Amino acid sequence: MKKDILIAGVGGQGILSLAYVLDNSALEAGFYFKQTEVHGMAQRGGGVVSHVRISDQKIHSDMIPTGKADIILGIEPLESLRYVDYLVPGGLILTNSQPFINISQYPEIETLEKAIKSYRSILFDATKLAKEAGTIYAENMVLLGALSNFLPMDKGLMKKWVKELFASKGEKIVEINIKAFDSGCQAVSLDLLCI
Amino acid sequence: MKKEIFMGDEAVAMGAIHAGIRSACGYPGTPSTEIFEYIMRYVENHKAPIHALWSSNEKVAYEESLGASYAGARSIVTMKHVGLNVAADPFMNSAITGVNGGMVLAVADDPGMHSSQNEQDSRYYAHFAYILCLEPHDQQEAYNMTREAYTLSERFEIPVMLRLVTRLAHSRSSVIIKEPLPQSVLPVSDKRSQWVLLPVNARQRYARLLAVQKEIASYCEESPFNNLEITENKKIGVIASGIAYNYIMEYFQEKGEALSVLKIGTYPLPEAKIRKLFESVERVFVLEEGYPFIEEKLRGILPHSYNIQGRLDRTLPRDGELTPELIRLAFGEKPKEHEKLPDIVIPPRPPALCKGCPHGDLYNALNEAMKSHKDGRVFSDIGCYTLGALPPYNAITTCVDMGASISMAKGACDCGVNPSVAVIGDSTFAHSGMTPLLGAVRENSNIKVIILDNATVAMTGGQATMCTGENMDKLILGMGVDPAHYRILSPLPKNLQENTDIILQEMQYQGLSVLVCRRECIQTGKKKIKSKSEKE
């Protein structure tokens with residue numbers, strides 16, 4: 001068993017929090033894992049990426065090699081396409097459909113959706129589900145919930161680490177994020193039937 | 001056996017804490033910043049008796065760390081690769097003085113220049129100073145090596161360098177941690193002949209440094225960090241150091257077979273192990289992140305019969321970061337099949353100044369003022385404001401190194417550039433902007449120094465700054481800047497006209513003007529509000 005997941009988004013979209021839950025649940029479930037992230041200059045509104053590798057065998061490279069990612073998780077649709085060459089042929093793009101527009105040449109959303117759909121992909125509105133759960137800031141947890149359908153870790157275990165992540169911010173915040181996780185999980189599990 | 005999740009940087013921090021450090025010094029710089037931040041958090045959470053506050057620059061940090069070592073304590077000093085240029089003077093001389101308490105310099109290189117002006121390789125510095133350098137390949141080794149580095153530093157009485165690269169510094173994995181060592185403090189040194197580097201002492205100390213090289217070399221020969229595995233394949237062998245070792249192991253895992261590999265984790269290099277590898281195979285691939293340091297050592301100038309492949313013969317690219325794919329290709333594999341990139345254009349999303357950033361307001365005013373001064377130039381510096389080089393601002397004409405804005409502006413002004421404007425942040429000013437400003441005061445140089453006082457080290461994540469607000473005013477006026485040409489600007493969109501006018505007025509003045517642009521960084525401002533509301 002190995003899962004190589006490339007997470008792509010924009011600085012400030014909560015990729016590090018998402019990776020925190022993945023790392024800790026992978027470790028507790030007894031898997032090997034490695035996870036890279038971006039700090040410094042690139043964070044200032046630029047595109048950021050995190051490579052998460054989970055396996056039952058020793059992992060050597062911190063970076064996912066080209067053509068080996070099983071899943072690209074897009075926090076935002078444009079970024080979900082930036083690293084498609086990391087994806088194994090037939091690999092999955094799982095992405096939020098809500099764009100984050102802070103550049104002038106941002107493509108038409110229809111163009112992006114068409115391009116994403118040309119791959120094996122799941123495109124859904126994580127932002128809307130996050131709002132319904134209680135805050136737009138929980139969209140990373142919606143996406144994590146969606147991703148949980150493809151991971152070897154138990155969902156209960158992942159939720160334990162979501163709780164851990166937000167514990168210091170109070171019960172209300174924990175509740176919202178768990179709700180976001182669940183709704184992401186459900187939204188995509190229905191989709192699973194048709195890909 | 002306790003397993004914890006650490007970034008490479010954090011594993012170094014934990015290794016140092018567990019080795020019993022009493023002092024941590026450093027200046028923020030990607031990708032090294034998180035080493036120090038981890039220690040600071042640890043000190044706060046555990047009320048640990050470790051002195052850990054940021055220094056004004058890397059040279060100061062290095063000297064503070066050396067002072068801690070002199071006092072008998074174990075200490076760590078952290079910086080990025082270009083920071084070591086700033087600290088090069090004490091660094092080189094600390095090899096001559098040697099140490100008392102164990103001292104580790106953790107320096108993080110940035111191959112590929114993710115967040116830097118160059119990709120210089122710190123291993124050359126270690127060689128230059130004739131000190132020991134350790135290079136971990138993963139988080140576990142980063143922890144183990146840092147702990148071990150203190151023993152080695154005290155054994156050889158030299159500072160030890162721990163070299164990291166971005167990919168390890170910023171990658172997380174689980175690390176097994178060992179029992180922490182107690183803080184053991186040696187007596188304060190009183191060996192004046194060791195520490196007073198008058199030529200008469202320095203010659204003896206240098207001879208001592210040369211003499212200890214033999215012991216260091218024999219340690220490197222035996223060190224478990226240099227591991228040689230010989231396999232059946234007699235054709236090809238590999239020397240791989242640091243993170244490059246991970247990529248070759250990844251390739252072997254995919255291939256299902258391994259070649260003979262010498263993993264390098266220490267410098268100087270283990271010569272006997274290298275000879276043994278070369279005797280076992282016909283050809284050796286040298287894989288290393290950064291400059292071809294090992295490869296240059298192996299090749300020399302005169303021809304020899306060994307067959308070496310690496311960055312120098314372009315088996316691998318001469319510059320930039322290695323990747324697992326580049327290693328595969330070097331071994332003659334076909335490019336790995338992967339999904340094709342889409343046929344639509346994916347526009348780049350470069351970093352940009354945050355929405356509402358005070359620097360943006362300053363650049364808007366400065367651009368307005370410069371419209372009537374087409375021959376003028378804007379010398380900038382290292383920080384978020386360097387992003388003023390990009391659209392929509394395109395406001396700066398140079399950015400070279402910490403503090404260079406003021407000195408370059410003065411040098412250019414001395415040779416006729418007018419207006420000659422310097423743009424520098426508060427932290428960079430404290431780092432190395434004060435000294436060039438003193439020179440400009442003495443000559444009353446016709447330069448316009450704009451200090452962006454956002455009260456933080458913003459680019460590296462909002463560390464505390466050394467000198468801001470009123471303290472800065474007192475400092476600058478105390479240096480002798482004419483109060484009539486010391487102007488405070490409030491960078492807000494509504495003040496665009498007023499700020500433009502002030503800049504234009506000062507450009508009319510033929511002498512030194514300092515304009516302080518004062519507004520808190522919106523990121524640190526937001527953080528304060530957030531942590532306040534969380535507490536309530």
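Q: Which residues count as nonpolar, which as charged and which as polar?
A: Ala, Val, Leu, Ile, Met, Phe, Trp, Tyr, Cys and Pro count as nonpolar. Asp, Glu, Lys and Arg count as charged, and the others, Gly among them, as polar. Keep in mind that this model is predicted.

Q: How do the residues that line the second largest pocket divide?
A: The lining has 17 nonpolar, 16 polar and 4 charged residues. The pocket holds about 640 Å³ of space.

Q: Which residues of this lining are closest to the pocket's centre?
A: There are 37 lining residues, and the closest to the centre are Lys80(B), Ile382(B), Gly383(B), Met402(B) and Met459(B). Two elements of chain B, α4 (81-86) and α17 (426-432), each give two or more residues to the lining. α4(B) gives the most, with 4 residues.

Q: Which residues have the most contacts inside the largest nonpolar core?
A: They are Ile248(B) and Phe331(B), in a core of 107 residues. Helix α11 (residues 243-255) of chain B supplies the largest share of this core, 8 residues. Another core, of 51 residues, lies apart from it and includes Met370(B) and Leu512(B).

Q: What does Phe331(B) touch, beyond residues up to four places away in sequence?
A: Its partners include Ile236(B), Ile248(B), Tyr251(B) and Phe285(B).

Q: Is Thr127(A) buried or exposed?
A: Buried means under 20% relative accessible area. Thr127(A) is at 8%, so it counts as buried. Thr127(A) sits in helix α4 (residues 126-133) of chain A.

Q: Which side chain does Thr127(A) join through a polar contact of 2.8 Å?
A: The partner is the side chain of Glu139(A). Beyond four places in sequence, Thr127(A) is also in contact with Asn96(A), Gln98(A) and Ile136(A).

Technical notes
Residues are numbered from 1 along each chain as its sequence is written. Chains are lettered from A and ligands numbered from 1 in the order in which they are written. This is a predicted model: local features need pLDDT of at least 70, side-chain atom pairs count only at pLDDT 80 or more; totals for chains, interfaces and linings use all residues. Side-chain values use heavy atoms; hydrogens and water are left out. Buried means under 20% relative accessible area, exposed over 50%, partly exposed in between (1.4 Å probe, protein chains only). A polar contact is a pair of N or O atoms within 3.5 Å; within protein, one must be able to donate a hydrogen and the other to accept it, and residues adjacent in sequence count only if both atoms are side-chain atoms. Contact means heavy atoms within 4.5 Å. On a 1 Å grid over the protein atoms alone, a cavity is a set of points where a 1.4 Å probe fits but cannot get out, and a pocket is an open set with protein on both sides within 12 Å along at least five of seven lines; lining residues have an atom within 4 Å of a point. Grid points are joined across faces, edges and corners, and a volume is the space filled by probe spheres set on the points. A nonpolar core is a set of buried Ala, Val, Leu, Ile, Met, Phe, Trp, Tyr and Cys residues joined through side-chain atoms within 4.5 Å.
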